[in-house]
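I opened this notebook to record where open space lies in the model and what surrounds it. The entries follow the order in which I looked things up.

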Amino acid sequence: MIDLCVLGPSGRMGQQVCQLALASNEFQLTSAVARRGSDAIGNGIQGSTVQIGDSLAKALGEAQVYIDFTVPASTTHAAVAALAHHTAAVVGTTGLDAEAQSALDALAKVAPVFVAANFSPGVSLLLHLAEKAAAALGPEYDLEVVEMHHRHKVDAPSGTALALGKALASGRGLDFDTARQSARDGQVGPRSSDEIGMFAVRGGDIVGEHTALFIGDEERLEITHRAQKRSVFASGALRAASWIVKQPPGRYTMSDLLGF
Ligand code: NAD
């Protein structure tokens with residue numbers, strides 16, 4: 001059994017991960033760390049014997065791997081706390097800032113660290129296909145990304161949309177940060193062939209949808225991924241946790257796990 005710690009057990013994703021871990025015979029959910037001062041436990045572990053605490057150091061010291069679907073500040077704290085114990089990390093939190101990335105880089109020197117903006121196998125394939133399609137179709141096809149998420153999502157564009165934009169830029173041979181066109185509003189002028197439009201739609205309970213558009217003069221190709229259940233991300237994160245505990249220190253992502 002793999003000793004697992006889950007951060008943010010009351011969150012939408014934290015609850016799913018806890019539920020699946022408790023039902024699995026591969027993981028032992030040794031602890032869950034809630035936000036300091038929070039009394040929210042989450043449906044995933046209500047009624048179980050899982051120990052809930054707000055001490056990261058204690059929880060990470062007892063776990064082989066932790067799963068983090070929280071906020072970037074919490075990702076930084078956890079990565080720093082995990083350093084002392086060499087605890088493996090599986091991070092799904094999106095919108096990670098430079099501080100969180102450098103804390104994860106430091107942890108990756110002593111433990112395996114798996115970071116994915118999207119744990120669904122279908123999205124990994126979407127990124128792969130989008131890069132190939134952008135390269136194959138060439139500059140006659142305009143590239144755009146449209147993503148849709150539930151009304152509670154706090155970051156935009158989504159981490160997956162950013163990864164999709166980067167895949168398109170890489171296929172086309174563009175620098176993503178230069179090509180990225182995050183909004184069009186007002187007298188923006190005609191579209192250049194070197195831009196990649198990025199659009200975020202928010203509403204209701206949409207779990208997550210991403211479309212890469214390749215728009216030519218005579219035809220349009222659209223590749224869309226729709227997540228139907230949040231559990232696809234939670235089961236992907238557990239699959240990553242099971243795989244990463246056998247890896248040497250370093251940074252890993254879905255393409256390492258799936259072999260794309
Ligand atoms: P949520 O708001 O439902 O849950 C966030 C959790 O983080 C809560 O349990 C909250 O208590 C905890 N938290 C907040 N601030 C904290 C702090 N300072 N310290 C410790 N814990 C803190 O959000 P969610 O929908 O579960 O999403 C969480 C993150 O996961 C987001 O960044 C989201 O974009 C990302 N996400 C990633 C994937 C993926 O496949 N990688 C899938 C879905 C969501």
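**Entry 1: basis.** I note at the outset that this is a predicted model.

**Entry 2: the largest pocket.** I looked up its volume and found about 1,200 Å³ of space. I then listed the lining of this largest pocket, which consists of 46 residues. Closest to the centre I recorded M13, F69, T70, V71 and T93.

**Entry 3: elements around the largest pocket.** I asked which helices and strands supply at least two residues of this lining. They include helix 1 (12-23), helix 3 (72-83) and helix 6 (159-172), together with strand 10 (208-215). Helix 3 gives the largest share, 5 residues.

**Entry 4: classes in the largest pocket.** I sorted the lining of the largest pocket by class and noted 21 polar, 18 nonpolar and 7 charged residues.

**Entry 5: elements around the second largest pocket.** Two or more lining residues come from each of helix 5 (121-137), helix 6 and helix 9 (254-258). Which element gives the largest share of this lining? I found that helix 6 does, with 6 residues. I noted that helix 6 also supplies at least two residues to the lining of the largest pocket.

**Entry 6: classes in the second largest pocket.** I counted 12 nonpolar, 11 polar and 3 charged residues in the lining of the second largest pocket.

Note on methods: Residues are numbered from 1 along each chain as its sequence is written. This is a predicted model: local features need pLDDT of at least 70, side-chain atom pairs count only at pLDDT 80 or more; totals for chains, interfaces and linings use all residues. Side-chain values use heavy atoms; hydrogens and water are left out. On a 1 Å grid over the protein atoms alone, a cavity is a set of points where a 1.4 Å probe fits but cannot get out, and a pocket is an open set with protein on both sides within 12 Å along at least five of seven lines; lining residues have an atom within 4 Å of a point. Grid points are joined across faces, edges and corners, and a volume is the space filled by probe spheres set on the points. Helices (H or I, at least four residues) and strands (E, at least two) are DSSP runs, numbered from the N terminus. Ala, Val, Leu, Ile, Met, Phe, Trp, Tyr, Cys and Pro count as nonpolar, Asp, Glu, Lys and Arg as charged, and the others, Gly among them, as polar.
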